[in-house]
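Student: Can we go through this one together? I'd like to hear what stands behind each label.

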Amino acid sequence: MNQLLQIGFAPCGHWSVSSDRLACDLSRFATLRNILYAFVVDGELMSDGKTVQTLATRMAGYRTPAPSQTTNVRNNARVKQALESG
């Protein structure tokens, strides 16, 4: 995490899960496009990507993926697993 912060990444929100549904609370950067983002769990980089659309729209794809969106389905499961394991 420290390396990400050193190169200019900044926390933008957090995920939660309730009744098997994900929620993403973006406190910053929600309306920005074409930005790099990273998923960090316990200080460890788990995944990263770049948006074309807004960050909020990209995270919505992870939150409620269509069955054909394999990356979104995979990351949805990973986020749920990380949250459910504490």
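**Labels and cut-offs**

Tutor: Ser19 sits in the loop between E1 and E2; helices (H or I, at least four residues) and strands (E, at least two) are DSSP runs, numbered from the N terminus. Bear in mind that this is a predicted model, where local features need pLDDT of at least 70, side-chain atom pairs count only at pLDDT 80 or more, and totals for chains, interfaces and linings use all residues. Residues are numbered from 1 along each chain as its sequence is written, and side-chain values use heavy atoms, with hydrogens and water left out.

Student: Why is Ser19 called exposed?

Tutor: Buried means under 20% relative accessible area, exposed over 50%, and partly exposed in between (1.4 Å probe, protein chains only). Ser19 has a relative accessible area of 69%, so it counts as exposed.

Student: And what is the phi of Ser19?

Tutor: Ser19 has a positive phi of about 50°, although it is not a glycine. Most residues other than glycine have a negative phi. Another case is Phe29, with a positive phi near 70°, in the loop between E2 and strand E3 (36-41). Phe29 has a relative accessible area of 30%, so it is partly exposed.

Student: How do you know that E1 and E2 pair?

Tutor: Two strands pair if DSSP finds at least two bridges between them. E1 and E2 run antiparallel and are joined by six bridges, so they qualify. Trp15 stands opposite Cys24 in E2, and the hairpin of E1 and E2 has two residues between the strands.

Student: What joins E3 to strand E4 (residues 44-50)?

Tutor: Six bridges, with E3 and E4 running antiparallel. Leu36 stands opposite Lys50 in E4. E3 and E4 form a hairpin with two residues between them, and Asp42 in the turn has a positive phi of about 50°.

Student: What makes Asp20 and Lys80 a salt bridge?

Tutor: The term calls for a side-chain nitrogen of Lys or Arg within 4 Å of a carboxyl oxygen of Asp or Glu. In Asp20 and Lys80 the closest N and O atoms are 3.7 Å apart, so the pair passes. The pair links distant parts of the chain, 60 residues apart: Asp20 is in the loop between strand E1 (13-18) and strand E2 (21-26), and Lys80 is in helix H3 (residues 70-84). The structure holds one salt bridge.

Student: Is Lys80 buried or exposed?

Tutor: Lys80 has a relative accessible area of 16%, so it is buried. Not counting residues up to four places away in sequence, Lys80 touches Val17, Asp20 and Leu22, where contact means heavy atoms within 4.5 Å.

Student: Why are H2 and H3 called roughly perpendicular?

Tutor: Axes are lines fitted to C-alpha atoms, for helices over the stretch in contact, and angles run from 0 to 180 degrees between N-to-C directions. Angles under 35 degrees count as roughly parallel, over 145 as roughly antiparallel, 65 to 115 as roughly perpendicular and the rest as oblique. Helix H2 (residues 55-63) and H3 pack at an angle of about 75°, with their axes 7 Å apart, and therefore H2 and H3 are roughly perpendicular to each other.

Student: Which residues in H2 and H3 meet?

Tutor: Arg58, Gly61, Tyr62 and Arg63 in H2 meet Thr71, Asn72, Asn75 and Asn76 in H3.
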